[in-house]
Amino acid sequence: MGPRLDAFEPALVGRPEELAVLSALLDRAGTGRAGTLLIAGDAGVGKTALVQRACSKAASTSSVLVLAGACLPLASLSVPFLAIRSALRDARHDGIPMPPAMDSADSPANAPIVFDTWLDDLARDRAVVLAVDDLHWADQSTLDVLMYVLAGPADRRLSVIATIRGHEVGGDHPLQRWLADVRRLPRVEQMSLGPLDRVATTDQLADLLGASPHQSLVEDVFTHTGGNPYLNRLVVQGLAPDARQLPRDLPADLRSAVLQSWRQLPSRTQELTRVLAVSGTPLHASDLAEVTGPGTDVTALLRTAVDAGTLDRASDGTYWFHHPLSAEVLEESLEDDERRHWHSAFADQGETALAASANPRVELMVAVADHHHRAGHRLEAYRWALRASEAAGAAGGAAEMLRLLRRAVDLGMRLPDVGTTSQELLRRLITSAAEAGAPLVELRAVDQLLDCTDADADPLLVAELMVRRAHLRFFTGHSFFSLSDMREACRLSSPEPTSWQHAFALAELAHTGIWHDDPDAGPTAARALVAARASGSPRALSYALTANAMAAVADNRGDLGLDLGTRAVDAAVEARDFWAYCHAVMWEGNAVDAGSTLFYAEHLRRHREHLTELRAPHVYIALLSADEADSWLAVGRWRECTDRLRFTLGLDPGPLADAGARLAAARLAAWQGRRGEAEAHLARVNELFTESSTFLNYPFAAISAEVHLWAGRPQAAYDAAVAGATSDGITPTMCEWLMPLASRSLADLVRADRDAGRDPSARLGQLDELTARFPAVIRDIGEFGEQWALQIAALDALYAAETGRARGDPENAAQWVRAAERCRDGMLAWEEAYACWRAAESLLLHDRHHRAAAAAHVRRGLSLAEDLAAVPLQRELQSLATTARIRTGSVGSTDGPAPPPETPSLPGLTTREREILAHVVAGRTYGEIARDLMISEKTVSSHISHLLHKTGTANRVDLARLAARAHRG
């Protein structure tokens with residue numbers, strides 16, 4: 001019997017550690033070791049979903065009987081043994097004999113003994129799981145039965161799991177005594193289930209919305225719900241998949257869920273908690289009493305709210321809401337005038353406290369600024385926002401500093417005579433946004449400052465802002481670097497040739513020119529370096545050195561590029577310009593080896609760790625982390641890749657790192673067979689970068705082609721690969737992969753034509769055009785190290801092998817063997833596993849004398865695919881092994897006859913031919929087929945000859961391959 005917990009519980013997200021604990025408990029029961037697990041957590045945190053997943057898995061993989069019952073919040077009556085009866089009711093429906101009288105209205109007085117004896121009998125035949133949901137609502141009879149069961153024998157095959165809402169069980173709750181007794185029993189474990197973290201919240205939202213969510217939406221949801229899965233589900237109900245923020249009005253269901261415990265409070269306690277909600281921050285009872293005035297026993301009312309689970313009392317004695325959303329919902333329930341009144345009162349109280357303090361607290365200054373703003377005091381809100389932002393910045397609170405400064409800028413530009421110009425406020429905001437790593441905020445401020453700055457009056461400032469705007473537009477995915485903008489910045493700054501702004505503009509004109517294949521880029525970079533040294537600015541020097549490193553790499557002068565890149569990194573550290581740092585690190589690495597090498601992964605790891613030591617904002621650390629993930633993935637270290645992706649996306653990484661991480665995640669998911677996940681990541685990239693084809697620094701084309709191929713869309717893959725190969729400017733990142741992917745797409749299309757009896761001449765003509773235009777794989781600019789050279793040789797071999805596969809080259813098997821060897825030399829594990837599959841397939845199809853070589857490639861490919869968790873390749877290789885009767889030692893290998901799978905009908909086959917085809921696909925010998933179908937081996941041979949003739953296939957392997965393709969659709 002499967003678990004029958006609440007069918008409306010949200011789907012489980014994450015929880016690998018918790019599931020492991022539950023699985024271990026259930027496994028122990030299977031070996032005759034009884035155990036109990038009490039799972040405590042807030043309402044909606046996912047306790048029921050966790051138990052349901054664990055029980056479902058146990059029931060599906062072994063002979064486990066799951067008895068699941070739930071307690072109910074019955075206020076007006078008590079039903080004895082309610083949870084036990086509900087579990088027995090489900091068991092009776094499955095035909096399991098009932099304990100004497102336990103399922104009737106008149107239960108015996110010795111019910112605990114009766115039920116325990118019945119469980120004993122069941123546990124002799126199989127492992128039993130008794131799961132009781134919402135134990136905090138249990139009647140005393142149920143608790144008595146459970147106590148007796150938990151104290152039972154240690155050697156029976158029984159697991160008991162109970163879920164409890166921790167905040168429902170206060171100090172005087174009847175369950176407290178029972179829990180105290182149970183915890184003293186042996187074999188009773190406890191688990192506290194907390195909310196989801198930000199990454200798991202992202203995963204849940206992706207599942208709920210059907211697409212990868214915007215990071216701004218994730219941040220908004222997580223701030224509101226604190227990661228509670230049930231509240232996450234309610235808060236995004238009805239949202240479009242591309243929503244960037246939550247709507248102002250929260251759903252009615254959400255309000256109801258959040259205020260469930262609050263509604264049970266006495267009216268005076270409700271009123272006080274509304275006032276606390278307006279405060280926006282945890283308070284001591286004495287602080288709240290100052291605002292509400294005399295005549296109210298604030299402490300007693302707050303304790304009542306704590307006992308009801310509405311509030312929590314922190315270790316420092318302050319009180320705040322258990323669910324973050326409660327404060328927002330309660331404040332919104334006040335009338336506007338009443339809300340403004342309380343905000344004004346909190347602002348006055350805060351100002352008084354700050355005036356009396358020798359060391360004003362930053363958090364109180366921030367609170368005063370917010371209260372004045374919410375009370376509608378515009379001038380006071382402006383002044384306090386400036387003051388609080390300074391204090392927050394000095395204390396290291398970059399996010400608070402930026403939030404308040406944005407408010408000050410907005411108010412200051414609308415208030416008369418505030419004593420500070422709009423330009424001054426905007427420059428301050430730009431600096432703060434850069435320090436906080438907030439590129440979108442900085443970009444808006446730069447645009448505003450450009451709008452209100454006269455280029456004739458201040459050309460150097462405009463030139464600086466134009467270059468910085470180009471950085472920010474690139475960093476946020478708005479547009480790639482523009483030559484016209486950089487030329488204009490150089491023109492504006494040229495009257496001051498020794499200024500740092502002119503050196504800055506020249507450096508970025510050279511940088512942009514290299515990406516656009518401008519022949520003047522190299523000389524411009526040299527001029528920039530002279531100007532930067534004359535200016536004495538480490539910032540300009542870093543950009544100029546990197547531009548020259550790029551030019552050196554493009555001219556195949558790697559040693560010079562490495563020296564320039566290393567010095568550019570040092571100058572960026574001196575300037576504390578973290579964008580310059582990341583830019584320099586990339587080209588310092590490019591001077592030595594390609595991004596697909598182990599060297600590059602280690603290079604990025606070291607500099608990522610250095611950035612962390614420098615306390616750089618997350619967006620810059622995330623940028624290196626995303627590229628590091630891509631490098632680990634390229635060399636087959638997918639676990640390291642996964643760790644880096646989780647770090648990158650764990651906080652808002654900014655659009656550039658977000659796109660880089662998702663491209664790597666899409667590639668990993670495609671290779672490992674998670675098609676929906678791969679496509680969701682690509683969809684998110686397309687949201688971030690609407691004109692992705694212009695961003696040549698990211699492998700949009702290559703990874704799109706790979707995702708399309710593993711999703712069975714070879715035409716779309718071909719189009720993506722060719723678009724990348726023929727794009728303007730210098731070659732895009734991962735350009736070396738484009739020709740192997742394009743030729744693989746055409747080979748798949750040619751094979752599909754031949755399988756369907758269509759003429760493949762048009763596809764072969766496309767292949768002729770492709771190989772004439774690109775006789776070898778495209779090479780990125782620069783000459784890299786030994787590993788890259790080996791990778792180029794491997795990709796050239798893949799290109800040749802795919803071309804031979806499409807053309808039906810009689811030497812194709814040797815081509816694939818060579819490709820597999822070259823991939824192994826180049827540490828391209830994914831590509832090697834794929835080449836092993838094709839090599840084995842081609843050897844079996846074209847030369848029966850090379851069966852041993854084919855078997856070796858099958859085993860090598862399977863070993864790689866299993867280590868890489870490349871599920872699609874595992875399936876293909878195992879299917880090939882089964883058909884060819886190659887022993888692999890893997891699960892499902894052909895160590896003995898296997899039952900024939902259900903095989904699709906190919907056109908024009910008889911019933912008997914379809915039966916025999918099923919056996920061929922299963923890898924049966926002629927003798928095994930004959931015995932199973934009770935016909936002679938000669939008859940089997942005759943039928944197979946007819947099948948080969950009808951399908952146009954060369955042998956049994958080719959026939960099985962065709963049937964498998966038909967099955968896939």
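This note goes through the predicted model point by point, from the whole chain down to single residues.

1. Basis of the note. The model is predicted, so that local features are described here where pLDDT is at least 70 and side-chain atom pairs count only at pLDDT 80 or more, while totals for chains, interfaces and linings use all residues. Residues are numbered from 1 along each chain as its sequence is written, and side-chain values use heavy atoms, with hydrogens and water left out.

2. The chain as a whole. The secondary structure of the protein chain comes to 45 helices and seven strands, where helices (H or I, at least four residues) and strands (E, at least two) are DSSP runs numbered from the N terminus. Of its 969 residues, 56% count as buried; buried means under 20% relative accessible area, exposed means over 50%, and partly exposed lies in between, with a 1.4 Å probe and protein chains only. The accessible surface comes to about 40900 Å², and 51% of this area belongs to carbon and sulfur atoms; such areas come from the Shrake-Rupley method with a 1.4 Å probe, and for residues only the protein chains shown count as cover. Among contacts (heavy atoms within 4.5 Å) between residues at least 6 apart in sequence, 67% join residues at least 24 apart.

3. The five-stranded sheet. An open sheet has the strand order S2-S3-S4-S1-S5 with parallel pairing, two strands being paired if DSSP finds at least two bridges between them. Strand S2 (64-70) and strand S5 (188-192) are the edge strands, each pairing on one side only. On average, and with direction ignored, neighbouring strands of this sheet are turned by 15 degrees against each other; axes here are lines fitted to C-alpha atoms, for helices over the stretch in contact, and angles run from 0 to 180 degrees between N-to-C directions.

4. Pairing inside the sheet. Strand S1 is mostly covered, with six of its seven residues buried. S1 pairs with S4 in the parallel sense over seven bridges, and with S5, again in the parallel sense, over five bridges. Leu38 has Ala162 as its bridge partner in S4 and Gln190 as its bridge partner in S5. Ala162 also stands opposite Val132, and strand S3 (residues 127-133) is joined to strand S4 (residues 158-165) by five bridges.

5. Helix H5 (residues 140-150) lies across strand S1 (35-41), S3 and S4, and runs at about 140 degrees to S4. In the loop between S3 and H5 one finds Asp139, which counts as buried because its relative accessibility is 9%. Asp139 and Leu175 are 36 residues apart in sequence, and their C-alpha atoms are 9.5 Å apart in space.

6. Helix H12 and its cover. Which residues of helix H12 (residues 285-292) are buried? They are Ala285, Leu288 and Val291. Seen down the axis of H12, these buried residues fall within an arc of 125 degrees, so they line one face of the helix; the arc is that of the directions from the helix axis to the C-beta atoms. Their cover includes helix H11 (267-279), helix H13 (298-307), strand S7 (319-321) and helix H15 (336-355). Gly293, with a positive phi near 90 degrees, follows H12.

7. Arg268 in helix H11. Arg268 lies in H11 and is partly exposed, with a relative accessible area of 47%. Leaving aside neighbours within four places in sequence, Arg268 is in contact with Gly295, Thr296, Asp297 and Leu301. Arg268 and Asp297 are 29 residues apart in sequence, and 10.0 Å apart from C-alpha to C-alpha.

8. The nonpolar cores. A nonpolar core is a set of buried Ala, Val, Leu, Ile, Met, Phe, Trp, Tyr and Cys residues joined through side-chain atoms within 4.5 Å. In the largest one, of 188 residues, Trp579, Leu611, Met739 and Leu873 touch the most other members, and the largest share, twelve residues, comes from helix H31 (residues 654-671). Apart from this core lies another, of 43 residues, among them Val235, Leu254, Leu259 and Ala345. Not counting residues up to four places away in sequence, Met739 touches several residues, including Ala725, Leu770, Phe774 and Tyr799.

9. Thr512 in helix H23. Is Thr512 buried or exposed? Thr512, which has its place in helix H23 (residues 500-515), counts as buried, at 0% relative accessibility. Beyond residues up to four places away in sequence, Thr512 touches Phe481, Ser482, Leu483 and Met486.
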